[in-house]
Amino acid sequence: MDSAKLTLNGKEYDLPVLVGSEQEVAIDITQLRAQTGAITLDDGYGNTGSCKSAITFIDGDKGILRYRGYPIEELANKSSFIEVAYLLIYGELPTVDQLDQFKHDLTHHSLLPEDMKKMFEGFTSSAHPMGVLSSMVASLSTFYPETDYKQEANLNIIRLISKIKTIAAFSYKKSLGQPYIYPRNDLSYTGDLLHMMFAVPSEKYDFSPVIEDALDKLLILHADHEQNCSTSTVRMAGSSHANVYATISAGVGALWGPLHGGANQEVIEMLELIANDNMDYKKYISQAKDKNSGFKLMGFGHRVYKNFDPRAQILKGASDRVLHELGINDPLLEVAKNLERVALEDPYFIERKLYPNVDFYSGIIYKALGIPTNMFTVMFAIGRLPGWLAHWKELRDNPALRINRPRQVYTGHTRRVYTPVENR
Ligand code: SDX
């Protein structure tokens, strides 16, 4: 495919075309303004590629999601979160030695600087854990000031992946008014997170392998998703060469939004609302179709997936299995399944290609694992951190990196004369 032709004001321009490794076609407009004086406008960036990336591939029509070429279904069933984190960040599945070293490094960087405990004390017990997380991640930059990207990138990656679970667990304990439980070096990454969240001093905490495996699978499924809102935010902040802690903190902030990672908390609150309203899911389906209701079916719809979100399919199966293995009968699962069944038969949802996304079933599993609703998006952030770091590393390792600086179409006042306040 050679080029695209653009005719503007009677003049014809040739625009280069590039084709990705999965045959996606892009018109390269890097020189458009220099050639034509015009820019493009794409509200919400639904048609705009912000970069070239080799990390994750999504085919929204076919419901395909692959990390570095490996299908999400295989990784979710056969890999581990730490192995997937290594794959996303360094591009290849680790050897035994590489994986052992990665695990060793992650284990031995999980402590927080003790001074950070004073910062936790500054938050009220009702502080939302995402607010604590974004603050604490940014504050790591004051303990580990970045001086040389190349020298320090890998150590900062280890520090963040290792410490994010300690920050999350400490913020949870703080909300309970319980003492912090320190990391243990004899536990797996996921096991240590569970231990720090749920153990209490002077009591041995045993978690079932079912819970550890389910949480590890959830983290894998959330690990990356190409140029989603929070990852694009990380790329935006990282393009200014901001330090990695400030950059990731920006991603945490973007993820918190209810239209993005905050949806998993909203889904459970929506399911509880319906369950408490005589399980009247049809009433809420009608509300979701009514523009004036201001109600959305949270956990439904996606900018890219227009058939099904493969992660939602995996999580639907996993929610059945985990609740059965834990002997939990959660009525919210029935509400969710009924909502999905009725919505997928309804022309409103069919016409708009609205299907369950990753957030629709994840909360049911988090809830079964004993994780409180306001920690759901923190779990999403822990899972998404390797993806954010992979994209940050990919952009920082790019010698041709330019700071992101989009243009705009100005629609405000044209030039006007200032009048002193007494004359207005
Ligand atoms: C994540 O980008 C990623 O990859 C994100 C993510 C990741 O892994 O990083 O996959 C994680 O953020 C998943 C999405 C979680 N958010 C939600 O579940 C919130 C509910 N969903 C919607 O807000 C919405 O579907 C979005 C935000 C997910 C997508 O928004 P778009 O692509 O901008 O679509 P839109 O809002 O323009 O909707 C198109 C139409 C509209 O109707 P019309 O104006 O055409 O009549 O569909 C309707 C919308 O009103 N619609 C919904 C709906 N979602 C879209 N109607 C009811 N309920 C919904 N959930």
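**Entry 1: the ligand shell**

I began with the residues around the ligand and sorted them by class: 10 are nonpolar, seven are polar and seven are charged. The model I am reading is a predicted one. The shell comes to 24 residues, and I noted the closest as His225, His302, Arg303, Arg311 and Arg384.

Gly299 has a polar backbone atom 2.8 Å from an oxygen atom of the ligand. For Phe300, a backbone N or O atom lies 2.9 Å from a nitrogen atom of the ligand.

**Entry 2: domains**

Which domains is the protein chain divided into? I wrote down domain 1 as 3-59, domain 2 as 71-260 + 385-396, and domain 3 as 263-368.

**Entry 3: the chain as a whole**

I counted 18 helices and six strands in the secondary structure of the protein chain. The radius of gyration is 23 Å, close to the 22 Å that the globule rule gives for 424 residues, so the protein chain is as compact as a globular protein of that length. Along the principal axes, the C-alpha atoms fill a box of roughly 80 × 65 × 55 Å.

I went on to the strands, starting with E1 (residues 3-8) and E2 (residues 11-19). These two pair in the antiparallel sense, and I found six bridges between them. Leu8 stands opposite Lys11 in E2. The hairpin of E1 and E2 has two residues between the strands, and in this hairpin Asn9 takes a positive phi near 50 degrees.

E2 is also joined to strand E3 (residues 25-27), here by three bridges, and the two run antiparallel. I noted Val17 opposite Ile27 in E3. How many residues does the hairpin of E2 and E3 have between the strands? I found five, and Gln23 in this hairpin has a positive phi near 65 degrees.

**Entry 4: strands E4 to E6**

The last item was an open sheet of three strands, which I read in the order E4-E5-E6, with antiparallel pairing. Why is one side of E4 and of E6 left without a neighbour in the sheet? Strand E4 (56-59) and strand E6 (70-71) stand at the edges and each has a single partner strand, so one side of each is left without a neighbour. Between E4 and strand E5 (residues 64-67) I found four bridges, with pairing in the antiparallel sense. Thr56 stands opposite Tyr67 in E5.

How values were computed:
Residues numbered from 1 in each chain as written. Predicted model: local features only at pLDDT ≥ 70, side-chain atom pairs only at ≥ 80, totals over all residues. Heavy atoms only, no water. Pairing = 2+ DSSP bridges. Near = heavy atom within 4 Å. Polar contact = N/O pair within 3.5 Å; in protein donor to acceptor, adjacent residues only side chain to side chain. Nonpolar A, V, L, I, M, F, W, Y, C, P; charged D, E, K, R; others polar. Rg over C-alpha atoms; globule rule 2.2 N^0.38 Å. Domains from an automatic or database assignment.
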